[in-house]
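Colleague: Could you walk me through this one? I have not looked at it before.

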Amino acid sequence: MKQLLVGFLVLGLTTAALAGEGYVQTGKQGIMHFVQVDKDKATDIATYRRAVDDLCKPDSACQVLFWTENAPVKMPFSHQQTKGKTAYWQYHKKSDSYRLYVDCELFGEIEDAECL
């Protein structure tokens, strides 16, 4: 019984560590993080940038894909999930370059971002 209780406690702490203000990480695969942003933060680019800062380790390749609903827990994505992304962040360590892609219909124009 103690092991079960400890397991639930660890699971709860892990889940809490994957959540930030305005978002929750729903899954991870390799360097890719899958994140669901709260609907009321859907156009708040600061929430997206905060998630990237929280989830990506400095100087490590990282990709963060964002949804406001139906975020996946693993790959492959359904057709609906593929089309439903609101943003996508990439950091390439070799070239020390990053890119942010956003759904321009949702966000409009954002400096330093390209349309999905």
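Modeller: Strands β1 and β2 make a hairpin with 2 residues between them, and G22 in the turn has a positive phi of about 95°. This is a predicted model, where local features need pLDDT of at least 70, side-chain atom pairs count only at pLDDT 80 or more, and totals for chains, interfaces and linings use all residues. Residues are numbered from 1 along each chain as its sequence is written, and side-chain values use heavy atoms, with hydrogens and water left out.

Colleague: How many bridges pair β1 with β2, and in which sense?

Modeller: β1 (residues 19-20) and β2 (residues 23-29) pair in the antiparallel sense over 2 bridges, with A19 opposite V24 in β2. Strands here are DSSP runs of E with at least two residues, numbered from the N terminus, and two of them pair if DSSP finds at least two bridges between them.

Colleague: And what joins β2 to β3?

Modeller: Those two run antiparallel and are joined by 6 bridges, with G27 opposite F34 in β3. In their hairpin, which has 2 residues between the strands, G30 takes a positive phi near 60°.

Colleague: Changing topic, how many salt bridges are there?

Modeller: The structure holds 2, a salt bridge being a side-chain nitrogen of Lys or Arg within 4 Å of a carboxyl oxygen of Asp or Glu. One of them links E69 with K39, whose closest N and O atoms are 3.1 Å apart.

Colleague: Is K39 buried or exposed?

Modeller: K39 is exposed, at 59% relative accessible area, where exposed means over 50%, buried under 20% and partly exposed in between, with a 1.4 Å probe and protein chains only. E69 counts as partly exposed at 45%.

Note on methods: Helix = DSSP H or I, 4+ residues; strand = E, 2+ residues; numbered from the N terminus.
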